[in-house]
Amino acid sequence: MKKVYLDNASTTAIRPEVIQEMTKVMREDFGNPSSTHSFGRNAKSILELSRKSIAKHLNSTAQEIIFTSCGTEANNWILRSAVKDLKVKRIITSKIEHHAVLYTLMALQREFEIQIDYVAVKPNGEIDITDLVELLSQETKTLVSLMHVNNEIGTVLDLERVGRICKQYNVLFHSDTVQSLGKTEIDLQAIPIDFLVASAHKFHGPKGVGFAFVRKNSGLQPIFYGGEQEKGLRAGTEALHQIAGMAKALDHSYTNLETERTYISELKNYLITQLEIEFPAFAINGTIDGFYNMLNVLLPFSEDKTAMILFHLDMKGIAVSRGSACQSGTIKPSHVLAEMLSNEDLKKPSLRISFSHYNTKEDIDLLIEALKSI
Ligand code: PLP
């Protein structure tokens, strides 16, 4: 049975070149980057070259890239320090953020009694910018936290536009760019943003490593204390093989971006065409022009199919997702879809199908065939 992986918004396969780079570093470059001898200096040089390479692709300076263990850590650090150290009293966010942001903000609200305002989400899953502007008219030290590409429905925020609005109102701007970084151009000289975060396993790098972009002179303070790594902002010996793998993965992502984006967009269009033929009553959750690597669809099946659909597809070797990965396997509806769909539609099966350049049209044919057999 051919196995079909269409869950690339959850995680991606590591590129062979990345594995090669990581094994080389593990085998040969095991020094501690903080050591002053030649082993340490060699490791330090790999660390700093990785940082420079990442910064170059984002048009930032290397000092503005801080390595972390994952996207979740980077989000937690930025939001917590913004409240604790930058004295942010109010955060504007949306109810369709990833839990790495939503649950962090809830915890901060309990601990620091900050004000949290949720910007309106339109029925198609887009952020209502007019509502954002209205919310910004209050005079409190504020941070706006809005994700770039939604991980469940693929809606895209205009980072540059929101960045300009935030600048105009003199508030801080953080964006969870875990789903977009490595998959679309991000120019940090053009986008007025204070903080963004990335996770290597979303762009064909290893799991357990990510980074934060922290604009120069932000005033952010560490949440971990210990060594002087990452200029004292993130203590702990750097996972050099992970970081080198992440830099290599990002380099390949941006070098191949145009070709892979065109290829993946064609796959997505092919899926939409096949769904129109086989399930004409299907609906897209989100917008038709959402991010090119994913499609969230409401299938015209009865409610009793909802609980079993993933299991059924899995039995046929097909991996897709219902909302975000952490909720798969539970019947609890996705908090993102809950913001957009009627109670009736929420009970029906919705699937998130997400692609990478490793997918083929045959994968989509197999998915369609499997769906027809349900
Ligand atoms: N933010 C978004 C939008 C995500 O999709 C994910 C991963 O699912 C995360 C944050 C968490 O990233 P990590 O797995 O690196 O902690």
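Trainee: Which loop holds M308?

Mentor: M308 has its place in the loop between β10 (294-298) and α9 (309-315). Helices (H or I, at least four residues) and strands (E, at least two) are DSSP runs, numbered from the N terminus. Before we go on, this is a predicted model, where local features need pLDDT of at least 70, side-chain atom pairs count only at pLDDT 80 or more, and totals for chains, interfaces and linings use all residues. Residues are numbered from 1 along each chain as its sequence is written, and side-chain values use heavy atoms, with hydrogens and water left out.

Trainee: Is M308 buried or partly exposed?

Mentor: Buried means under 20% relative accessible area, exposed over 50%, partly exposed in between (1.4 Å probe, protein chains only). With a relative accessible area of 46%, M308 is partly exposed.

Trainee: What surrounds the ligand?

Mentor: Look for residues with a heavy atom within 4 Å of the molecule. Here the ligand is surrounded by C70, G71, T72, H98, M147, N151, D176, V178, Q179, S199, H201 and K202.

Trainee: Which atoms of D176 and the ligand pair up?

Mentor: Think polar contact, a pair of N or O atoms within 3.5 Å. A side-chain N or O atom of D176 is 2.6 Å from a nitrogen atom of the ligand. The side chain of S199 also puts an N or O atom 2.6 Å from an oxygen atom of the ligand. G71 uses its backbone instead: an N or O atom there lies 2.8 Å from a ligand oxygen atom. As for cover, the ligand alone exposes 390 Å², and the protein buries 87% of that (Shrake-Rupley method, 1.4 Å probe).

Trainee: How many salt bridges are there?

Mentor: A salt bridge is a side-chain nitrogen of Lys or Arg within 4 Å of a carboxyl oxygen of Asp or Glu. By this rule the count is 17. One of them joins R15 to E260, with the closest N and O atoms 3.0 Å apart.

Trainee: Which parts does that pair tie together?

Mentor: R15 lies in the loop between β1 (4-5) and α1 (16-28) and E260 in helix α8 (residues 257-278), so the pair ties together parts 245 residues apart in sequence. R15 is buried, at 4% relative accessible area, and so is E260, at 14%.

Trainee: What about R234 and E73?

Mentor: Their side chains meet in a salt bridge, 2.7 Å from N to O. R234 is in the loop between β8 (210-214) and α7 (240-255) and E73 in helix α3 (residues 71-84), 161 residues apart.

How values were computed: Polar contact = N/O pair within 3.5 Å; in protein donor to acceptor, adjacent residues only side chain to side chain.
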